[in-house]
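Reader: Could you walk me through this model, one feature at a time? I'd like the general idea before each case.

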Amino acid sequence: MNKGEGRIISRFGAEALIELPSGEIVRATSRRKLQDLVCGDYVRWQQNGSDIVITKMLPRRNSLTRSYFRGTPRTIAANIDQIIIASAVEPSPDWSMVDQLFVMAAIMEIAAILLHHKADQPCPDEIARIYQDYRDIGYTVLDTSTRQPESLEPLRKHLKKKTNVLVGQSGVGKSSLTNILIPKADILTQTLSETTGFGQHTTSNARLYHLPEGGELIDSPGIRDFTPPPIPPADVQKGFREIVALRVHCRFHNCLHVREPGCAVKDAVDKGEILRRRYQAYLNLLQQMEEVDKQL
Ligand SMILES: Nc1nc2c(ncn2[C@@H]2O[C@H](COP(=O)(O)OP(=O)(O)OP(=O)(O)O)[C@@H](O)[C@H]2O)c(=O)[nH]1
Ligand SMILES: [Mg+2]
Ligand SMILES: [Zn+2]
């Protein structure tokens, strides 16, 4: 960062916390047209009397956006290297969200790992099976628990020297994890209410923290349903590793693995070498993106 620049640490309304090149964190206001500044953005600012005013957003390397079609698009964070998909036995995992976040990472050409968090809790066989399915496909899945400090060591290694964004359903333990990984974070975490699954300390704003090992961790508010931004239909398959591995064997180089003859992907589904659940997730997302494509 150069003098007069900064990075957004947190954003609330017209105000933001920015980190200056010196490491100092200051409050700043932003010009009205800079509505979509998010955690991780680099900005230029000016001193205006005693105020610091953000005047410009510097170009983004990438951004993670959700709820693109339902309502206004919401960007979660910008300029990130890795998506940490947090999930747990409780609240019950939303596998479709997991699949879509893996797709987003592939489209953004960044890494992603899946956390089976709260690993201290008993894991029903059908859930353990699905975590193993992701490992078998080639994804990194880490068992973590805030109650078992040694379980966090592999995660620390994966986070090191990268800008990581922690995303997932509300109540999976993102802020609890952040509290342990960032000794000074000291954030309130929610208490899972037994009846509703929602507590009062649910995170409402994303916030970027520096990891003691180097790199950053962005804790983000829980997401209920994730809908990715428009993706060219032919690119949807990039988000499914098991399809990427077989597509070269399809008869047609532009095969979308739906109804085409000589399709190696469909053959693999029939033989049980590709999971039907994942193939269906691919078809659903493909169909969604084809509809978007027609509207654009
Ligand atoms: N058993 C167990 N409980 C955990 C663990 N980590 C977090 N929890 C509990 O899970 C609940 C939710 O934790 P939070 O950290 O607030 O969850 P969050 O993902 O930040 O939730 P939002 O901010 O709403 O998105 C709290 O009651 C935590 O004590 C863990 O490793 N094991
Ligand atoms: Mg939280
Ligand atoms: Zn095919």
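Author: Let's start with two residues, D99 and R278: both are buried. Buried means under 20% relative accessible area, exposed means over 50%, and partly exposed is in between (1.4 Å probe, protein chains only).

Reader: Before we go on, what sort of model is this, and how is everything numbered?

Author: This is a predicted model, where local features need pLDDT of at least 70 and side-chain atom pairs count only at pLDDT 80 or more, while totals for chains, interfaces and linings use all residues. Residues are numbered from 1 along each chain as its sequence is written, chains are lettered from A and ligands numbered from 1 in the order in which they are written, and side-chain values use heavy atoms, with hydrogens and water left out.

Reader: Back to that pair, then: how do the side chains of D99 and R278 meet?

Author: In a salt bridge, which is a side-chain nitrogen of Lys or Arg within 4 Å of a carboxyl oxygen of Asp or Glu. For D99 and R278 the N to O distance is 2.7 Å. D99 lies in helix α1 (residues 95–108), and R278 sits in helix α7 (residues 276–295), so the contact ties together parts that are 179 residues apart in sequence. Helices (H or I, at least four residues) and strands (E, at least two) are DSSP runs, numbered from the N terminus.

Reader: How many salt bridges does the structure hold?

Author: There are 15. One of them joins E5 and R44, with the closest N and O atoms 3.3 Å apart. E5 is in strand β1 (residues 5–12) and R44 in strand β4 (residues 42–48), 39 residues apart. E5 is buried at 10% relative accessible area, whereas R44 counts as partly exposed at 36%.

Reader: And which residue meets E213 in a salt bridge?

Author: That's R156, at 3.6 Å, N to O. E213 is in the loop between β12 (207–210) and β13 (216–219), and R156 is in helix α3 (residues 153–159), 57 residues away. E213 is partly exposed at 28% relative accessibility; R156 is buried at 18%. Salt bridges can also share partners, as they do in the network that joins D99, E242, R277 and R278.

Reader: Now the strands. Is β9 mostly covered or mostly open?

Author: Mostly covered: six of the seven residues in strand β9 (residues 111–117) are buried. For pairing, the rule is that DSSP finds at least two bridges between two strands. Strand β8 (residues 82–88) pairs with β9 in the parallel sense over seven bridges, and S87 stands opposite H116. β9 also pairs with strand β10 (residues 141–143), again in the parallel sense, over three bridges. There the bridge partner of H116 is D143.

Reader: What handedness do the crossovers have?

Author: A crossover is right-handed if, with the strands pointing away from the viewer, the path from the first strand over the helix to the second runs clockwise. That describes the path from β8 through α1 to β9. β9, helix α2 (residues 125–137) and β10 make a right-handed β-α-β unit too.

Reader: Last one: which residues coordinate the magnesium ion?

Author: Donors are N, O and S atoms within 2.8 Å of the metal (3.2 Å for Na, K and Ca); water is not among the atoms, so sites may look incomplete. The magnesium ion (ligand 2) is coordinated by S175 (OG) and T203 (OG1), at 2.0 to 2.1 Å. S175 lies in helix α4 (residues 174–181) and T203 in the loop between α4 and β12, 28 residues apart. S175 is buried at 9% relative accessible area, while T203 is partly exposed at 21%.
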